Structure formats: structure tokens, C-alpha cells
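Open the model in your viewer and keep the sequence panel beside it. The stops below give a selection each time, followed by what to look for there.

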Amino acid sequence: MAVTSASGPTVPASRRVLAVMVMVPLLAALALWAFAWPATRMAPRDLPLGVAGPAAAAAPLEQRLASHEGAFEIHRYADEAAARTAVRDREVYGAVVVTPQGPHLLTASAASPVVAQLLTQAVAAQSPPGAPAVPVTDVVPTAAADARGAAFGASVLPLALAGVAAGALVSLSGLRGGRAVTAVLGAAALVGLTGAALAHSWLGVLTGNWWAEAGVLALTVAAVAGGVAGLHALLGKPGIGLGVLLVVLLGNPFSGAAGAPHLLPEPAGLVGQWLPPGAGGSLLRSVAFFDGADAAGPALVLSLWAVLGVTAVLVADRRRPAPAAGTSAAPVPSQAAAAPAPRP
């Protein structure tokens, strides 16, 4: 039986039951696909890798690495010093230096412990049987308190959830215009300070400039919260659902924070870097471990999300129709009506 209300007929109860029974499995399937598909397809895909040394000596190694079709994107460097600089500048994840004593591998576990291990195994596989183990130098190590990078990878989801919560609460609480923007930015700033205090000062997961890390965390939350609030301003309540879909169900598993974007199947790696969780993770790595190298791209992505989101909130508030004259406030009783009636 359909239920009616003052605003008109509502959806029959049987249809609402059917909608729940259908939508929940679909959302579960989407979540399983988004999280499990990238995890089961992780492999190097055009992974930037340097090769340094004399051209004649490095050419055979380049050919062997190139035989792994589509796995590596080879960058040539004249010597070890140039290769180390490229690793610190995040041009490559690592580099193989060809020396008279044999290959020497340079890695950066701070860029991705998973990639560092993968490169170690790949270079070892290129050595002839019986050859001594390839020496490995970690040029930019990860934090000692998070040697496997597990805590860093786990930091993306809390930031995404904080941003979604801030954007949804601002939208559903009825805040509009400048007040909504102030609430979004204020919440993001406080999350940034709290996150830096926990991740840097207490857990020791981050090792860069404290204030720069707090700024990155705040910008990430502002990008998510601004995006969710902006989508709500444009689409209403469905906009919040769309924001959750983009940020949590796609942005988090496609971020590459637990491994690297170049290990994810396409187009997940590329899509993830255009969403706040992926851009935030990349920017945080650059600031926390690489002195800001290669930070411009992800910083621009986060700024665009934040600016476009708060702009949508402000524009939607200005386009709201002004209340008609005489209807903005409840009618005030006249003095005659308010006065007590005279006694007979």
C-alpha cells in the first residue's frame, strides 16, 4: 500500500524494500571491484627506472630490462651522481648503476617500499647464476617507524572520511555561502594540525617539515570537503552520494598510496591521481620525504577541487531566490489582537 504525505504520494513500501535489496548488493559489488581489482593486478607499468654508467656497458642491461614489455620506462644518466639526483627529485623510483664491479641498485623506499622491493628482485633476476648479490643503497629511506609504509598507506582513508564528513555535515546542517566555506576551511585546518601531531610528532611516520605536512593534510581534507559540499550545492543530497563514490569507493583504492600509481592497472593509476586521495598521498610523500620535489602537479589537483567546490557553494547561495516580500518572517499580531479583551 502506498503511503501519502502532505507533499504528495510516496514510494510504496514494497518498492522501497526492493530498492534496498538491489542497491546494497550493487554497492557491495562496486566496493569489492574498486578495492580488489587493483590489488590483484598490481605490476609495474611504465615504471620510471634509471640506468647509469658508460653507454657501452649499460646497453646490455637496458635491453634486458626493456624485454619486460611495458614494465619499465628507462631513463639514461651519465653517472651515479646524476642517478642519485634523479631519485631524490622523484624523476625515477630507482636506478641501476653499471660499475666495473657489477651493477649497483639505488632505490627510494620513501617513494614506495613495494617498488623498492620489486626493483631489488628484478635487478637480481638479471644477474647471471652464481654472481654475488647486487648491492642496494636506499637513497631516500622511509621513516624508521614505518619501514614497510603500511601506516602511510593507511593514512589516506581517514583523510578521505574526514573530508566527506566535513562536507556532508556542512551541507546537511543548512550552512550556506560564506559560513559554509568558513566551516569547511576551518575543519580542514584543524584536521591538518591534528593529523601532523599524530603522524609526525607521535607516530613518527612523517619526517619532513611539520608545518608543510600539516598544510598538505589540511589541503587534502579541504579538497574532499569542498568537493562534497560543492556537489551538494549543485545536485542536492544525491551530490553527497556522488562525492562518497568518487572519494571513498574510487579515490581511496585508486590512490596508489599503499604501493605506487605505476603499479595499478590503467586507467586506475591515472584516475586516482586526479582525485583528492591520490593527489593528497603523492603530495604528502613529496613534502614528507623529498623536500617538495614533484609537488606541483598534485598540489594543483587538490587546489582545483577545493576552489571549485567552495565556488559552487558560493554561487549556489547567490542564486537562491530571495523570499517574497511579506513572507520572510512570521506575521506579527497587531497590538489590538495582542491586547487582552476588555471585561464586560
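Buried means under 20% relative accessible area, exposed means over 50%, and partly exposed lies in between, with a 1.4 Å probe and protein chains only. This is a predicted model, in which local features need pLDDT of at least 70 and side-chain atom pairs count only at pLDDT 80 or more, while totals for chains, interfaces and linings use all residues. Residues are numbered from 1 along each chain as its sequence is written, and side-chain values use heavy atoms, with hydrogens and water left out.

**Stop 1: salt bridges**

A salt bridge here is a side-chain nitrogen of Lys or Arg within 4 Å of a carboxyl oxygen of Asp or Glu. By this rule the count comes to 2. Helices (H or I, at least four residues) and strands (E, at least two) are DSSP runs, numbered from the N terminus.

Select Glu80 and Arg84, whose side chains meet in a salt bridge at 3.0 Å, N to O. They sit 4 residues apart in helix H3 (residues 80–88), separated by about one helical turn. Glu80 is partly exposed at 25% relative accessible area, and Arg84 is also partly exposed, at 22%.

Next select Glu62 and Arg76, which form a salt bridge of 2.9 Å, N to O. Glu62 belongs to helix H2 (residues 55–66) and Arg76 to strand E4 (residues 72–77), so the pair ties together parts that are 14 residues apart in sequence. Arg76 is partly exposed, with a relative accessible area of 35%.

**Stop 2: the nonpolar cores**

A nonpolar core is a set of buried Ala, Val, Leu, Ile, Met, Phe, Trp, Tyr and Cys residues joined through side-chain atoms within 4.5 Å. Which members of the largest core touch the most other members? Select Phe72, Leu119, Phe289 and Phe290, out of 59 residues in that core. A second, separate core of 9 residues includes Val170, Ala225, Ala229 and Val313.

Go back to Leu119 and show its contacts (heavy atoms within 4.5 Å). Leaving aside residues up to four places away in sequence, Leu119 touches Leu47, Leu49, Phe72, Tyr93, Gly94 and Leu105.

**Stop 3: helix H12**

Select residues 296–319, helix H12. Its 24 residues should span 34 Å at 1.5 Å a residue, and the end C-alpha atoms are 34 Å apart, which agrees. The expected span is 1.5 Å times one less than the number of residues. Buried residues of H12 include Pro298, Val301, Leu302 and Val313. Among the elements covering the buried residues of H12 are helix H7 (177–202) and helix H8 (210–235).

**Stop 4**

Ser255 is in the loop between helix H9 (237–251) and H10, and counts as buried at 6% relative accessibility. Beyond residues up to four places away in sequence, Ser255 touches Val156, Pro261, Gln273, Pro277 and Gly278. Pro267 is also found in the loop between H9 and H10. A cis peptide bond joins Glu266 and Pro267, with omega about 5°.

Move to the loop between H11 and H12, where Asp291 is found. Phi of Asp291 is near 55°, a positive value in a residue other than glycine. Asp291 is exposed, at 79% relative accessible area. Asp294 is in the loop between H11 and H12 too, and its phi is near 60°, again positive. Most residues other than glycine have a negative phi, and most peptide bonds are trans.
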